[in-house]
Amino acid sequence: MNYTLLAIESSCDETSAAVLANGKIQSNTIATQTVHHKYGGVVPELASRAHQQHIIPVVTQALAEANITKNQLDAVAFTRGPGLLGALLVGASFAKSLALGLNIPIIAVNHMQAHILAHFIDDPKPSFPFLCLTVSGGHTQIVRVDDYLKMEIIGETQDDAVGEAFDKTAKLLNLPYPGGPLIDKYAQAGNPKAFVFPQVDMPGLSYSFSGIKTAFLYFLRDQTAKDAAFVDNNLSDICASIQYTLVKILLKKLIKAAKETGIRDIAIAGGVSANSELRKQIMLEGADRNWRVYIPKFEYCTDNAAMIAMAAYYKAMAGEFSSQDISPMPRMDF
Ligand code: KG4
Ligand code: ZN
């Protein structure tokens, strides 16, 4: 089937629109909200307002770049959840209104499922079944993917997400939000073994990241009590060490999951999959263990509508359209 789709992503702090036609992404426009930076985190009401401001220009640009008009669309897709309610409402309302006006169907997409399906935008594509470590600001999951729309979470965090651990440790170092990419940047020049942080042993395939955040807080308190310039003088080593520890924790359970399931096609997805240490370590582990490793392009790691369009394409193929009375779900499982 040759569907022409417009997809909208508005779950957090990126307003994004993408067009898919002939089974391929034709455009992917993203407006990143910088308004939150001075508050050290995403402010939900400001996010909703910024989505409201950005959505029409972003959609207009996505259609123009794909060289199509809205009358050529067969369906409009949007992120139903998980995410911030006020932010999701902007995308959902826009998608519904546009589809109603054009008399075409809507497709509701799960944001976490879409992060995983971003692997089908370009080659090489993973083959089923594969495991996907999905790591973002709100989630840390090991997902067993049996088909495009058939996935199961086999392990996840019991408290903070790993992206949150990156952002919170960055905040303790007085780095601006979002701190994950900055930790990555400073870590490039640092020694990952300079400082050792604890790795909590969790049962099964579960993760926990709240302990390491507290351990890091006490570590900084103790070190700066001895030397007030400790952070300034050791920033690269501190970033490299915390990043090394977080990546080790992620990989330990992923290796366990691969062993237990016997699956050797291994993917990573979500904002933290942009992390250079995670990308490097998973390649090294993969070479050692004979895995086929799939790492998304940088542009498809963090939030984007291309992944929503890709997920919507598979839902359209399966005839999974939604009715106009559907509403966003801030918490949403597969
Ligand atoms: O998937 P995403 O864009 O949004 C959510 O769905 O949450 O992920 C955002 C998260 C933030 O916590 C951000 O700090 C983290 O991804 N992140 C990184 C890197 N790039 C983004 N964390 C570590 N290293 C990076 N290079
Ligand atoms: Zn995301």
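Analyst: Two strands are said to pair if DSSP finds at least two bridges between them. The model here is predicted, and in it β1 is joined to strand β4 (residues 75-81) by 4 bridges, the two strands running parallel. Within that pairing, L5 stands opposite A75 in β4.

User: Which strand pairs with β1 in the antiparallel sense?

Analyst: That partner is strand β2 (residues 14-21), which pairs with β1 over 5 bridges, and A7 stands opposite A18 in β2. With 4 residues between them, β1 and β2 form a hairpin.

User: How should I read the side chains of β1, and which way does each residue point?

Analyst: In a regular strand the side chains alternate between the two faces of the sheet. In β1, L5, A7 and E9 point one way, whereas L6 and I8 point the other way, and all are buried. Strand β1 (residues 5-9) is accordingly listed as mostly covered, with 5 of its 5 residues buried.

User: Where does S136 lie, and is S136 buried or exposed?

Analyst: A residue is called buried if 20 or more other C-beta atoms lie within 10 Å of its own. S136 counts as buried because it has 25 C-beta neighbours inside 10 Å, and it lies in the loop between β6 (130-135) and β7 (140-147). Leaving aside neighbours within four places in sequence, its contacts include H115, A161 and G270.

User: Which residues does the UniProt "binding site" annotation cover?

Analyst: The annotation, from an unreviewed entry, covers several residues, among them S136, G137, D167 and G180. D167 is placed in helix α4 (residues 162-172), and, leaving aside neighbours within four places in sequence, D167 is in contact with G137, Y177, P178, G179 and G180.

Note on methods. Residues numbered from 1 in each chain as written. Chains lettered and ligands numbered in written order. Predicted model: local features only at pLDDT ≥ 70, side-chain atom pairs only at ≥ 80, totals over all residues. UniProt positions renumbered as here; feature names shortened; annotations may be inferred. Buried ≥ 20, exposed ≤ 12 C-beta atoms within 10 Å, placed from the backbone. Contact = placed C-beta atoms within 7 Å.
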